[in-house]
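Good morning, and thank you for coming. Please look at the sequence and the structure as they come up, and I will then take you through a few places in turn.

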Amino acid sequence: MTRKSMRRRTAVTVAAIVVTVGVLGGKLVDIQVVRADELQRQSVNAKSYSQPLYGIRGDIVDEAGNTLAGSVWRYTAALSPFDANEAAKQDGQSTLTKAVNDIGRITGKGGPAILALIQNALKSDPQSKYALVKSGMDVTMFDQLDKLNIPWLSFTKTPSRTYPNGAVGGNLVGFVSGEGQAQAGLELSQNACLAGQNGKETSQLGADGVAIPGSTVVEKPAKNGGQLVTTIDSDLQWFAQQELAQVVPALGAKFGFVTVAEVKTGKLRAVAQYPSVDPNNVDGTPSNYWGALPFTTPYEPGSTFKALTASALIDNGKATPASQVMAPYRFVSGHGADLHDSGFHDTERLTLTGVLMLSSNTGMSILGSKMDDTVRYNYLKAFGIGQDTGIDFPGESSGILHPVSSWDDQTKYATMFGQGVSATQIQMVSAYQALANGGKRIPLQLIDGCKQADGTMTDVPKPKATQVISRSASQQTLGMMESVVQQGELSKQLNIPGYRVAAKTGTAQQPDGRGGYLPSYYVSVMGVAPVDDPQYVVSVNIGYPTTITSSAAAAPLFKTIMSQVLKTFRVKPSTTAPANYDPYY
């Protein structure tokens, strides 16, 4: 490179620096001298504006990750009447007319209504900068409005709850208020997992109400809520609710429940209810069905309770499946108890197996009296009767199991066959889980854990199992219950080809609150399959049917649900022969 060329390059560089310094100096003079007064006025008029940064509420999902409750953005559109009017002055009235017509078309309000909104606001305040156009918009409507590029139309967004499955699982999931506050179900009980934490950002606004570029500061970052992972199988939940929606009205009943529990884990795979609330439209369902009745509403369980009494008798060494009893239609204790079977019959020579199969109140009372009342009470407590399940579901009832000291003679016998005591469907499912699981009760589980926003999983502590009865007593009780399916009057409705099924039916009148009973019945079937390797407990409960008022009303639905459960979870068919206990002697 020649010396002449180097001098030329140096000169060019120096000239560029001089020009740059001149420009910056001129800008500085413009800011500090020429426009000083104007910028000072803007600085004085600038306002600090804070707005929340929303922490998104976490999803509720089923055991496979399918969404039961989620969050979406909802948008609010607002306009500045003053700026709309100023734009019309500059660009012409036709421009304003087109803009309001476009807004009216997209929002469904119509152009004239939008124009009236502007005019009315200006009448009240000629400097008006805000008028609400529409709130709660989905992203599709927002996109359409945003693409109009109307400078005096602005948007804000807030998170909103959505329930893609509607009423399927609605009573379990619960719902939130319009302000996003948890109101019921898992939304309420698991709010600590789900709730996000809002943050805040602050901007400086100029006199025109527009944020000054570079002035936005995040004062507190938002934190999203965790994902609640349930044990529910949403497909099975859907199936159970669809079946209930057909069966309950056909029976002229008021309500119905179906619960499915996994024997070896205590995990609830379905807790279905009809009627069920749609969290997207809570007011579309009567308020008395907003909760999860299988958790919150106890009933006298009736004859499904006899399986608990029978298992306790066997475990306590007071009876065997072959224990004999002369079971009359009516039994009078001589100490105040007076009870009878559901239908008149001559005195029958039954075994304990026969008492379960024919559901004899008198036979169970006579055999049950062999056990000390306090001992039997302790068995019932160990089965979970009279106490909550530990699931911590909102409004969960612990039912009613009065202490032995308050029992009269009628209560003493009635509690042997499911009267004088009340339990929720979930409590009874928990007790049957123990019957099916070799006598070992595992507290039922509805939640697997909470997955935090950072991906870490907070698991629910593994529940501690309690040995209520021996494995032998469990197996013998299931064998007796199998006779209900194999030889009972509802065997055709309960039998599932290829599988050994144990079940117990129940038909219970409910107390009227005045010492008597209502004329309507609460009917149920509870069962376990397969008996040779118990996998699932299914409970079907129908509230006050009118076309069929016995447990025959619930039996076909039990078979339908249990068959679907066995298919859904690919349970292997039974490979052993059914138990063959003799109901008579």
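Predicted model: local features only at pLDDT ≥ 70, side-chain atom pairs only at ≥ 80, totals over all residues.

Helix 17 (425–436) and strand 20 each supply at least two residues of the lining of the largest cavity. Helices here are DSSP runs of H or I with at least four residues, strands are runs of E with at least two, and both are numbered from the N terminus. A cavity is a set of points, on a 1 Å grid over the protein atoms alone, where a 1.4 Å probe fits but cannot get out, and its lining residues have an atom within 4 Å of a point.

Residues are numbered from 1 along each chain as its sequence is written, and side-chain values use heavy atoms, with hydrogens and water left out.

How many cavities of 30 Å³ or more does a search of the whole structure find? There are three. The largest has a volume of about 60 Å³, a volume being the space filled by probe spheres set on the grid points, which are joined across faces, edges and corners. Strand 20 gives the largest share of its lining, three residues. Among the lining residues are Tyr299, Gln425, Met428, Tyr522 and Asn541. By class, the lining holds six nonpolar, five polar and no charged residues. For this count, Ala, Val, Leu, Ile, Met, Phe, Trp, Tyr, Cys and Pro are nonpolar, Asp, Glu, Lys and Arg are charged, and the others, Gly among them, are polar.

Is tyrosine 522 buried or exposed? It counts as buried because its relative accessibility is 3%; buried means under 20% relative accessible area, exposed over 50%, and partly exposed in between, with a 1.4 Å probe and protein chains only. The side chains of tyrosine 522 and asparagine 541 are joined by a polar contact of 2.9 Å. Such a contact is a pair of N or O atoms within 3.5 Å; within protein, one must be able to donate a hydrogen and the other to accept it, and residues adjacent in sequence count only if both atoms are side-chain atoms. Beyond its neighbours within four places in sequence, tyrosine 522 also has contacts, meaning heavy atoms within 4.5 Å, with residues including Phe255, Tyr299 and Gly506.

The second largest cavity comes next, with about 40 Å³ of space. Leu68, Gly169, Leu172, Val173, Leu186, Thr230 and Ile232 line this cavity, and they divide into five nonpolar, two polar and no charged residues. Threonine 230 lies in strand 8 (residues 227–230) and is buried, at a relative accessible area of 2%. A polar atom of the threonine 230 side chain is 2.9 Å from the backbone oxygen of valine 61. That side chain also reaches the backbone nitrogen of isoleucine 232 at 3.3 Å.

Finally, I turn to helix 10. Aspartate 233 caps its N-terminal end, with a side-chain oxygen 3.1 Å from the backbone nitrogen of aspartate 235. Buried residues of helix 10 include Leu236, Phe239 and Val247. The elements they pack against include strand 3 (67–79) and helix 20 (555–568). After the helix comes glycine 252, whose phi is positive, near 65°.

Note on methods:
1 Å grid on protein atoms, 1.4 Å probe; cavity = no way out; pocket = protein on both sides within 12 Å on 5 of 7 lines; lining within 4 Å.
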